[in-house]
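Have the sequence and the structure open beside you as you read.

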Amino acid sequence: MSITNESLLSRITFDHNILGGKPIIRGMRISVAMILELLSKGAAMQEILDDYPDLEIADIYAALLYAYRLVANEEIFERAVAS
């Protein structure tokens, strides 16, 4: 089974009635930010899937792709270098 970036990103939805319109997974009350936070704290993907049985592995990959797209398109401003 081949999953395209577009099909992954279609898993990310926005609903102003859920978490104030923040990006969420497939209309659930599971935010992209929460998944990224869990991963950043060292949670394994399987651990996240076990804790949130409605999630699918593709949902985690979708959250990562969404974050990548945000950072990849980030505008770079000149910043002062610490001395």
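## Ground rules

Contact here means heavy atoms within 4.5 Å. Helices (H or I, at least four residues) and strands (E, at least two) are DSSP runs, numbered from the N terminus.

This is a predicted model, in which local features need pLDDT of at least 70 and side-chain atom pairs count only at pLDDT 80 or more, while totals for chains, interfaces and linings use all residues. Residues are numbered from 1 along each chain as its sequence is written, and side-chain values use heavy atoms, with hydrogens and water left out.

## Helix α4 and its cover

Let's begin with helix α4, which runs over residues 57–72 and has 16 residues. From its first C-alpha to its last, α4 reaches 23 Å, close to the 22 Å expected at 1.5 Å a residue. (The expected span is 1.5 Å times one less than the number of residues in the helix.)

Which residues of α4 are buried? They are Ala58, Asp59, Ile60, Ala62, Ala63, Leu65 and Tyr66. Buried means under 20% relative accessible area, exposed means over 50%, and partly exposed is in between (1.4 Å probe, protein chains only). The cover over these buried residues includes the helices α1 (5–9), α2 (32–40) and α3 (45–51), along with the strands β1 (12–13) and β2 (24–25).

## Where α2 meets α4

Two packed helices are described by the angle between their axes and the distance between the axes. Axes are lines fitted to C-alpha atoms, for helices over the stretch in contact, and angles run from 0 to 180 degrees between N-to-C directions. For α2 and α4 the angle is about 95 degrees, and the axes lie 9 Å apart. That makes α2 roughly perpendicular to α4, a label for angles of 65 to 115 degrees.

On the α2 side, Val32, Ile35, Leu36 and Leu39 make the contact; on the α4 side they meet Asp59, Ile60, Ala63, Leu64, Tyr66 and Ala67. By class, this contact has nine nonpolar residues, no polar ones and one charged residue. In this scheme Ala, Val, Leu, Ile, Met, Phe, Trp, Tyr, Cys and Pro count as nonpolar, Asp, Glu, Lys and Arg as charged, and the others, Gly among them, as polar.

## Salt bridges

A salt bridge is a side-chain nitrogen of Lys or Arg within 4 Å of a carboxyl oxygen of Asp or Glu. How many salt bridges does this rule give? The count comes to four.

In one of them, the side chains of Glu56 and Arg11 meet at 3.0 Å, N to O. Glu56 lies in the loop between α3 and α4 and Arg11 in the loop between α1 and β1, so the pair ties together parts that are 45 residues apart in sequence. Glu56 is partly exposed at 38% relative accessible area, while Arg11 is buried at 18%.

Arg11 also forms a salt bridge with Asp59, whose closest N and O atoms are 2.5 Å apart. This pair links distant parts of the chain, 48 residues apart, with Asp59 in helix α4. Asp59 is buried, with a relative accessible area of 0%. Together, Arg11, Arg26, Glu56 and Asp59 are linked in a network of salt bridges.

## Two residues with positive phi

Arg26, from that network, has a positive phi of about 45 degrees although it is not a glycine. You will find Arg26 in the loop between β2 and α2, partly exposed at 35% relative accessible area.

Leu19 has a phi near 50 degrees, again a positive value in a residue other than glycine. Look for Leu19 in the loop between β1 and β2, where it counts as partly exposed at 34% relative accessibility.

Conventions
Angles under 35 degrees count as roughly parallel, over 145 as roughly antiparallel, 65 to 115 as roughly perpendicular and the rest as oblique.
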